[in-house]
Amino acid sequence: MTASLNAAQRKEGMRGFLARRNPSGGRKRDSIDDLAERTIVSESERRRRGTRFGMALTHVFLVTTLVIAGLGPILWLAKAAVTPTQDTLQQPFALWPNGIDWANLSAAWNDIHIDQFFFNTIVLAAGAWFAQLFVATTAGYALSVLRPKYAPIFNGLVLATLFIPGIVLLVPLYLTIVRPPFGVPSLLNNYLAVWLPMAANAFNILLVKRFFDNLPREIFEAAKTDGAGPFRLFWSVVLPMSKPILGVVSVFAIIAAWKDYLWPSLVLRDPAVQPLSVRLPAVQSQTELDVFLAALAIATLIPIAMFLVFQSVFLRSAGLGGAVKG
């Protein structure tokens, strides 16, 4: 009897000790408070005027530096696009000392035929986007969802291609484009010569596969139970759940196609089909500086628009941690 009373007293004493340490009766609040205190600057130090002033000064310095480094070149290009050549050379950082020359934009659009090269770039980027998205989603779906017996072998082969430098494949890839197999005519001066090599992007395939791996398998099993086949499962279930990763791959594909210079310059020899990235360096020596800068400013419109449209999707999905749970 005495032993049982002593055990009960010990338990009651332990409960009182825990209650005194955590009156709310839970550990979660303690852990949150501890994490809140475990920062570089504690709450007590944050109350000091000198610490607050130092942190505010540091924040202002970091934000100003990032704005200057990130937006500075773009803003300067936008200013130089409507600035006469002499003003740009003599006072490159002055805001239009002799006025704004809006004729630079019209001259770049009409005289250099930026409209034609701009259209070529849009067609090239749209085809590269579709080809990369199609191959990445179908290959990722096959390796992650369908999972055939040979999927680990193909996954290893795709991963191995990431370790091969692109410059090593330049000559054999060019010879393949010049003399395609199976009697196909040469693909020079054809946009397929750019779309097809860009479609085989191992990084995008592995990116999409990793995202598909985190999707809930219960939904796939339920769809199969309802009679959905592989194509219906891919089109009606997997793709609607994969909008974040589709946005990320879209940004990567369009930006890569928009700024690519070496490969399009090799396979697109005809100026009538060349994109901006190839044609602008070719006309630089024959164009006034102010008109050329205006052409460069026009060429940056699509990448900036892409960032503004897809920034939320891209930033949310960059870590690939947003898989659907439960």
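What covers the buried residues of H16? The cover includes H7, H14, helix H15 (262–267) and helix H17 (289–299), where buried means under 20% relative accessible area, exposed over 50% and partly exposed in between (1.4 Å probe, protein chains only). The residues concerned in helix H16 (residues 276–283) are Leu276, Ser277, Val278, Leu280 and Val283. The model is predicted, and local features need pLDDT of at least 70, side-chain atom pairs count only at pLDDT 80 or more, and totals for chains, interfaces and linings use all residues. Residues are numbered from 1 along each chain as its sequence is written, and side-chain values use heavy atoms, with hydrogens and water left out.

The chain holds 18 helices and 0 strands; helices (H or I, at least four residues) and strands (E, at least two) are DSSP runs, numbered from the N terminus. Of its 326 residues, 32% count as buried. Contact is defined as heavy atoms within 4.5 Å. Among contacts between residues at least 6 apart in sequence, 72% join residues at least 24 apart.

Helix H7 (residues 114–146) packs with helix H11 (residues 202–213) at an angle of about 45 degrees, the axes being 8 Å apart. Axes are lines fitted to C-alpha atoms, for helices over the stretch in contact, and angles run from 0 to 180 degrees between N-to-C directions. H7 and H11 are therefore oblique to each other, given that angles under 35 degrees count as roughly parallel, over 145 as roughly antiparallel, 65 to 115 as roughly perpendicular and the rest as oblique. On the H7 side the contact includes Val135, Ala139 and Leu143, which meet residues of H11 including Ile205, Val208 and Phe212. By class, this contact of H7 with H11 has 8 nonpolar, 5 polar and 2 charged residues. Here Ala, Val, Leu, Ile, Met, Phe, Trp, Tyr, Cys and Pro count as nonpolar, Asp, Glu, Lys and Arg as charged, and the others, Gly among them, as polar.

The axes of H7 and H14 come within 8 Å and cross at roughly 140 degrees; these two helices are therefore also oblique to each other. Residues of H7 including Phe118, Ala125 and Trp129 meet residues of H14 including Val249, Ala253 and Trp258. The contact of H7 with H14 has 13 nonpolar, 4 polar and no charged residues.

Alanine 128 lies in H7 and is buried, with a relative accessible area of 0%. Apart from neighbours within four places in sequence, alanine 128 contacts Trp195, Met198, Ala253 and Ala257. Its C-alpha atom is separated by 9.6 Å from that of serine 250, 122 residues away along the chain. Trp195 and Met198 are among the buried residues of helix H10 (residues 192–199). The buried residues of H10 pack against H7, helix H9 (170–178), H14 and H15.

Rings of Phe, Tyr and Trp (its six-membered ring) pair if their centres lie within 6.5 Å, with planes under 30 degrees apart counted as stacked, over 60 as edge-to-face and the rest as tilted. By this rule there are 7 aromatic pairs. In one of them, the rings of phenylalanine 118 and tryptophan 258 have centres 5.8 Å apart and planes at 80 degrees, so the pair is edge-to-face. This pair links distant parts of the chain, with phenylalanine 118 in H7 and tryptophan 258 in helix H14 (residues 243–259), 140 residues apart. Phenylalanine 118 counts as buried at 12% relative accessibility, as does tryptophan 258 at 9%. Ring pairs link Trp109, Phe118 and Trp258 into a cluster.
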